[in-house]
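Please open the model in your viewer and keep the sequence panel beside it, so that each selection below can be followed in turn.

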Amino acid sequence: MDEIRDFLLSPQEYLDTFWESDVLIWIDWREYDESIIKYINEKLPEEDKVKFTCVEIEKERDVDIILEKNSISTAIPYAEEYTDRDTTLKSLQENVSPKYQIRWFMGSLGSDTLAFCIYPSAQWEQLEEFGAEKVAYYFAPIKENSVMFEMGMDEVFNLLEQRGEA
């Protein structure tokens, strides 16, 4: 959490260091969805790791990923034809909530490899000493309507322009 705190204190000064930190979970747009779960699990203590199973199915996407929480199994709600990173991340966020939050590091916006962080919700709340808007500006919460990998190029450029990064 110190890396995020340092970054929020001085984003320009700590940007290069932060990009190289092990706080970030890098996910490529071509990543297998089960790999994303494994990357998130690497950051969690054993007792909080996401339990999941991959099941081959007779649909175009070939697989269902079943998440388990509190002895309840739920399939990630993918489209019939394919799995996608956005749906996986949103389902993971729902699974680890309310104890944890996965946040999208907005410095990776515009790339085909996006960066994410996962921390206990209480630690994200502590970071709001920098201002909730500032924290959300750099580390966007993943919500039910979040679009990350499925964002069109026009949307990416518009968002970059709004953020003053275009």
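Begin by selecting D22, which lies in the loop between α2 (11-20) and β1 (25-28); helices (H or I, at least four residues) and strands (E, at least two) are DSSP runs, numbered from the N terminus. This is a predicted model, in which local features need pLDDT of at least 70, side-chain atom pairs count only at pLDDT 80 or more, and totals for chains, interfaces and linings use all residues. Residues are numbered from 1 along each chain as its sequence is written, and side-chain values use heavy atoms, with hydrogens and water left out.

D22 counts as exposed because its relative accessibility is 57%, where exposed means over 50% relative accessible area, buried under 20%, and partly exposed in between (1.4 Å probe, protein chains only).

Now move to L15 in helix α2, which is partly exposed, with a relative accessible area of 27%. From L15 to E125 the C-alpha to C-alpha distance is 22 Å, and the two are 110 residues apart in sequence.

Finally, select C54, partly exposed at 34% relative accessibility, and then C117, which is buried at 0%. The structure holds zero disulfides (a disulfide being a pair of cysteine sulfur atoms within 2.5 Å).
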